[in-house]
Structure formats: C-alpha cells, structure tokens
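Please walk me through this model, element by element, in plain terms.

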Amino acid sequence: MRHAFVIGGSGMLADTVLWLADMGYSVSVIGRNEAKMERVIRQSPDRLNPVFVDYRDNSRFLQSVRQAIAERGKIDLVVAWIHSDAPDALPIVIAELHDAAVYHVLGSRAKRDDVKADLLIPDTIRYHQVQLGHVVEQGSRRWLTHEEISGGVIEAIQSEKSYHVVGMNGN
C-alpha cells in the first residue's frame, strides 16, 4: 500500500487527508490537537494513522517520521503545511525519503524561489510547491476556506505541476 505523510492534516488539509485515503493511501497525519485529529481519523480509521507530535521539536519529529515509516512503509507522498518557526521540519522529512513526491504548501506571502533555495532536494524527490492565494468576492478579498485549500492541494497532486496557486495570487 502506498504511504502518504501529511503535516497539518488535522486542520486545513483534513479533506486532502481523506481524499488520499480514498485514493488508496495509508496516511500518517501529523497533528497536535487531539480533538481535531479525532474528527479526521474517525472518518477513515483503517487508513489513517494519527501521529501526535510538534514538528518544531526536531528530535521527536524525526523519531515520529521514522516510526511512521517502520509501521506503514516508505513514504511515497508528502503534503506539508509547515509554519516558518519550524525551518528544520521539512528537511527532516526529505532526508528520510527515497523516490517520493513532496507537495510543499506555502503561505500567500512566501517567496517560492527563496523557500526552494533553502532546501536540499535530492534528485530522487519530486518537489512541488502549492502557494495559497486569496479569493475576490463582491469586490473584496478574503482568505481561502479549508475546503478551498484542500481542493487546491488535491488539484496540485492530480496535475503534478511543479508550482500551483490556489485562488488568486498577487495584487
């Protein structure tokens, strides 16, 4: 069975997690909030593996990544929504991968070239960026909903483009 590893999967990426499970993945879901995690896991308990860890704790996070691999097999796909206060989290995951796709979800203000330049990405890793934008309704901007974000990430996975914007980007 293919193994997906989703960081931030109990919140705005919950629908992405459930879609991956529907697509046949065994999904390791990284989260810190037990109530939010329980709502997701309850929807597909046989395919979802909750991993309670704060990805800012490098040693515990590395241990959790390795444990997920030991329990579920090599990671084939990563979806990562990581805040800027954890600069080592994605490199920790990437260092444990072999022949995998990584979908790195970026906030609307992230500078995609700078983000990629800060990562050491082996040739065996297919690295993709998913940049969050905004929606314009009735002449004003609003943030994307969790459903819109998950839908955009799913679209990025399906299209396999190296760069995908969810919503509108820029001014």
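In H3, the buried residues are Phe 61, Ser 64, Val 65 and Ala 68; buried means under 20% relative accessible area and exposed over 50%, with partly exposed in between (1.4 Å probe, protein chains only). Helices (H or I, at least four residues) and strands (E, at least two) are DSSP runs, numbered from the N terminus. The model is a predicted one, in which local features need pLDDT of at least 70 and side-chain atom pairs count only at pLDDT 80 or more, while totals for chains, interfaces and linings use all residues. Residues are numbered from 1 along each chain as its sequence is written, and side-chain values use heavy atoms, with hydrogens and water left out.

Seen down the axis of H3, the buried residues fall within an arc of 100°, so they line one face of the helix; the arc is that of the directions from the helix axis to the C-beta atoms. Ser 59, Gln 63 and Ala 70, on the other side of H3, are exposed. The cover over the buried residues of H3 includes S1, S2, strand S3 (48-52) and helix H4 (89-95). H3 covers residues 58-72, and its 15 residues should span 21 Å at 1.5 Å a residue; the end C-alpha atoms are 21 Å apart, which agrees. The expected span is 1.5 Å times one less than the number of residues in the helix. After H3 comes Gly 73, with a positive phi near 95°.

His 3 belongs to strand S1 (residues 3-7). Because its relative accessible area is 0%, His 3 is buried. The side chain of His 3 also makes a polar contact with the side chain of Ser 28 (2.7 Å). A polar contact is a pair of N or O atoms within 3.5 Å; within protein, one must be able to donate a hydrogen and the other to accept it, and residues adjacent in sequence count only if both atoms are side-chain atoms. Leaving aside neighbours within four places in sequence, the residues in contact with His 3 include Tyr 25, Ala 68, Arg 72 and Leu 77, where contact means heavy atoms within 4.5 Å.

A nonpolar core is a set of buried Ala, Val, Leu, Ile, Met, Phe, Trp, Tyr and Cys residues joined through side-chain atoms within 4.5 Å. The largest such core has 33 residues, of which Leu 20, Val 27, Leu 48, Leu 77 and Val 79 touch the most other members. Elements giving two or more residues to this core include S1, helix H1 (14-22), strand S2 (26-31), strand S4 (77-81) and helix H6 (146-159). H1 supplies the largest share of this core, 6 residues. Apart from this core lies another, of 25 residues, among them Ile 75, Ile 82, Val 93 and Ile 125. Beyond four places in sequence, the contacts of Leu 77 include His 3, Leu 20, Tyr 103 and Ile 157.

Next come the paired strands. S4 and S5 run parallel and are joined by 5 bridges; two strands pair if DSSP finds at least two bridges between them. Across this pairing, Ala 80 stands opposite His 104 in S5. S5 also pairs with S6 in the parallel sense, over 7 bridges, and there Ala 100 has Ile 125 in S6 as its bridge partner. 7 of the 7 residues of S5 are buried, so S5 is largely enclosed by the rest of the structure. Both faces of S5 are covered, with Ala 100, Val 102, His 104 and Leu 106 buried on one side and Ala 101, Tyr 103 and Val 105 on the other. In S6, 7 of the 8 residues are buried, so S6 is likewise largely enclosed by the rest of the structure.

The buried residues of H6 include Ile 149, Val 153, Ala 156 and Ile 157, and the buried residues of H6 pack against H1, S4, S5, S6 and S9. Glu 160 follows H6 and has a positive phi, near 60°. His 164 lies in strand S9 (residues 163-166) and, at 5% relative accessibility, counts as buried. The side chain of His 164 makes a polar contact with the side chain of Lys 161 (3.5 Å). Leaving aside neighbours within four places in sequence, His 164 is in contact with residues including Gln 129, Gln 131, Gly 152 and Ala 156.
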